[in-house]
Amino acid sequence: MPLSASLARGVAPSTPGTLHARTVIGDLSAPPRPGLTVRFGRGEKPDVDLGVGVDDLRVSRRHGELTYRQGQWWLRNTGRQLVRLPRGRMMHLSTEPIPLDTGYTPLFVKGSGYREHLVELYVAGHDDQGPVSRRRAETLRPEIWPLEDDERLLLVVLGQRYLLYEEDPRPLTYAMAARQLGYLRPDAGWNERKIEYRIEAVRRRLHNTGFRHPLMHDKSQGRPADNGLLHNLLKGLVESTTLVPPDLELIEDDALWPDPDPDPGPAPER
C-alpha cells in the first residue's frame, strides 16, 4: 500500500478480523491470531512493529499495543503521553484496554507542544468491499434540525462565538444574551427566564432524535453546575450546519448593538 493512501478509504478484501495499521513512515497488516500483539512507538524493531513520532521525544519508544483476544483487537496505551481517540476519548497509561470496532479508527499520540501523531487502524469486517470510488455518487446531505425563527435568533446570539469558529468557544451567558436581544428585538420581552425556557424546549425536542451530543442531564446527579448542555446544543447545531456563519447577519441589524464582552480598557489615572 502506498504511504500516500489513507486507511479511511478502506482496505483491500482480507480475512475478517485482519488488522491494518499505518503511520506516515510505515504500515503493516496482522492476522487475527489469538495472543498476537502489535506494538507502535518511537523505537525501532524488534521493540516496536510500527514507528510513530520518531523525531518527537515526548512519544514513548513503545507507546501503545494492540492484542488480539476474545475475537477482537484490544488497544492499550503503554506510553507516558495520552492517546486520543475519536469523539475526544482519551487513553492514559492507567486506562483499561478497549476493543476496536470493525472498520476505521484514527488514533492521535500526543507529542511535543501542539503536535499529535496519527496512527490509522482498520479492522477488516465480513462485508468489506475494498476501496470504492464514489466520485459520481450523489452527496449525502447533512441532517438539518428545524428551528423556529425566534429560536434561531436566540441560538445565534448565544452561539455567535461558535459561528466565528473560535478555537475554544463558549456560549454567552443568559444575562448577556438578554441584553443583546433587548437591542435587537425590544418588543419581544426577552429576559433570562424566557431564554432558559426556550433553550430547554429546544433541547427536549431534539433529545432522542439522533442528535450527536447529550442534551439532557442525569436527574439522579442533581442540577448541572455548568452550561455543558448548552455547549453540546450549540456545538451540534454548528457541526450539522443547522447554524452557519451567514446566520450572524441576524444579529447585525443594529449598528449600535453593544459588544457582548466589552474590554473596559486601562483604568483611569488618578
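Colleague: Which ring does the charged end of Lys194 sit over?
Modeller: That of Trp190, 4.5 Å from its centre. A charge counts as over a ring if NZ of Lys or CZ of Arg is within 6 Å of the ring centre and within 35 degrees of the ring normal. The model is predicted: local features need pLDDT of at least 70, side-chain atom pairs pLDDT 80 or more, while totals for chains, interfaces and linings use all residues. Numbering runs from 1 along each chain as its sequence is written, and side-chain values use heavy atoms, without hydrogens and water.

Colleague: And what about Arg69, where does its charged end sit?
Modeller: Over the ring of Trp74, 4.2 Å from the ring centre.

Colleague: How many aromatic pairs are there?
Modeller: Two, from a search of the whole structure. Trp145 and Phe211 have ring centres 5.5 Å apart and planes at 50 degrees, so the pair is tilted. The cut-offs are centres within 6.5 Å for Phe, Tyr and Trp (its six-membered ring), with planes under 30 degrees apart stacked, over 60 edge-to-face and the rest tilted.

Colleague: Are Trp145 and Phe211 buried or exposed?
Modeller: Both are buried (under 20% relative accessible area; exposed is over 50%, partly exposed in between, with a 1.4 Å probe and protein chains only).

Colleague: Switching to helix H3, what do its buried residues pack against?
Modeller: Helices H1 (149-158), H2 (160-163) and H4 (192-206), where contact means heavy atoms within 4.5 Å. H3 covers residues 174-184, and its buried residues include Met176 and Leu181. Helices are DSSP runs (H or I, at least four residues), numbered from the N terminus.

Technical notes: Helices (H or I, at least four residues) and strands (E, at least two) are DSSP runs, numbered from the N terminus.
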